[in-house]
Amino acid sequence: MLNARFFNALAMLVGTIIGAGIFGLPYVAAKTGLVPTVIYLTVLTFIVLLMHLLYGEVVLRTKGKHRLVGYAEIYLGKWGKRVATLSVVLGGYAGLLIYIILSGVFLSNLLGEFFGHDPRPYSIIVFFVSFIFIAGGLKVVSWVESFLSFLLVAAIFLFLAKGSSSISLSSFTESINWSEIFLPYGVLLFALTGGSIIPDLISVLEKKENLIKKTIIIGTLIPAVIYFLFIVIIFGITGEATTPDAITGLKNFYGDGFVKIGALVGFLAVITSFLAFGINLKKTLQHDYKFSKALSLVLALFVPFLIFSTGFNDFIRVIGFSGAVMGGIDGVLIILMYQKADREGKGTRKPEYDIPTSKALEYLLVVVFALGIIYAILNP
């Protein structure tokens, strides 16, 4: 029988997965074509689902509480810890950069008629205000993040309900753009991945471990369904006029009022995620790598801000690169850790579920992730 802890764990996973990445998906469909985007979405959903289940099994096979870096060290040694650390830190920087970019876009939609529509000044203001809050020791309460994630999902359904009658079928007849055929890969991998929360999800379901597998499956599939609907509705309405953030492009169809609602919810969700990301990365550098409090703060926040300041503010490029590279690295690490914990019997406890898979499939996915990493690095 399902209980409150199941729904709490489910909300944690869904809330972690659905974030900034969703706003870029309709634009990807507009650039590449709806059919290849939906194919990517379908295939990557099941790949990510498998990665979530394998990571969950690794966690369940290991005594004690750890994070990705800790599990990588246990099963892969020092090199695994170094690679996982690189992925976590770079992923943190990418996440912060994405939130800096999006916060400016959303604020420009909210305040543009008063202070101008250039999103960059808004992003700079948001960064420095957030920096002050994080430096001052602000704590983002977990229920605030959960509530805003719920509000974001509710706003998405508002768009879906209002926009379903405005879809133009002509938007779906666009031919495939083969020059952008690889664009959906990194963006969707970024948008679908939420494995970082799985150790916490398992902790929430302590003494209810029989629900872990079901929670991971349902919690991974729900965002995929929402993504499909969001892509179809937004792209179906705005067509070639779809913008990278999805929301701005709706202005010509529904006016400022409707767009401002979406921008406000998007901004609130983004700013809380920015604060949470910044605090977490700062603490990681401070506690795990023994940097001073001041140096941890500077390294955590000013690196992505400096990247933004150099003009690297293309939202789609950032999430595409982050998804392909950091998502790919994490995927490879999870497969290798799973092989050590399961196939080589190095796990220290019996898991509550065991995912049947084959070496051929595992190595095929390693090759796919590796090729994605190489392509993203060579074509930034």
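Helix axes here are lines fitted to C-alpha atoms over the stretch in contact, and angles run from 0 to 180 degrees between N-to-C directions. Helices (H or I, at least four residues) are DSSP runs, numbered from the N terminus.

**Ground rules**

I'm working from a predicted model, where local features need pLDDT of at least 70, side-chain atom pairs count only at pLDDT 80 or more, and totals for chains, interfaces and linings use all residues. Residues are numbered from 1 along each chain as its sequence is written, and side-chain values use heavy atoms, with hydrogens and water left out.

**Entry 1: α2 against α7**

I looked up how these two helices sit. The axes of α2 and α7 come within 10 Å and cross at roughly 165°. The crossing is left-handed, meaning the near helix is turned anticlockwise from the far one by less than a right angle.

Next I listed who touches whom, with contact meaning heavy atoms within 4.5 Å. From α2 I noted Leu25, Val28, Lys31 and Thr32; they meet Leu183, Pro184, Val187, Leu188 and Ala191 in α7. By class, that contact has seven nonpolar, one polar and one charged residues (Ala, Val, Leu, Ile, Met, Phe, Trp, Tyr, Cys and Pro are nonpolar; Asp, Glu, Lys and Arg charged; the others, Gly among them, polar).

**Entry 2: is α7 buried or exposed?**

Eight of the ten residues of α7 (residues 183-192) are buried, so the helix is largely enclosed by the rest of the structure. Buried is under 20% relative accessible area, exposed over 50%, partly exposed in between (1.4 Å probe, protein chains only). I noted Tyr185, Gly186 and Leu192 among the buried ones. The buried residues pack against α1 (4-17), α2 (25-32), α3 (34-60), α9 (212-238), α12 (315-343) and α13 (359-378).

**Entry 3: aromatic pairs**

I used Phe, Tyr and Trp rings (six-membered ring for Trp) with centres within 6.5 Å; planes under 30 degrees apart are stacked, over 60 edge-to-face, the rest tilted. The count comes to 14 aromatic pairs.

Phe114 and Phe115 have ring centres 6.4 Å apart and planes at 55°, so I logged the pair as tilted. Phe114 is exposed at 59% relative accessibility, and Phe115 is exposed at 65%.

Phe127 and Phe305 have centres 4.2 Å apart and planes at 10°, so that pair is stacked. Phe127 is in α5 (residues 119-135) and Phe305 in α11 (residues 293-309), 178 residues apart. Phe127 is buried at 0%, and Phe305 is buried at 9%. I also found both in one aromatic cluster with Phe128, Phe131, Phe302 and Phe308.
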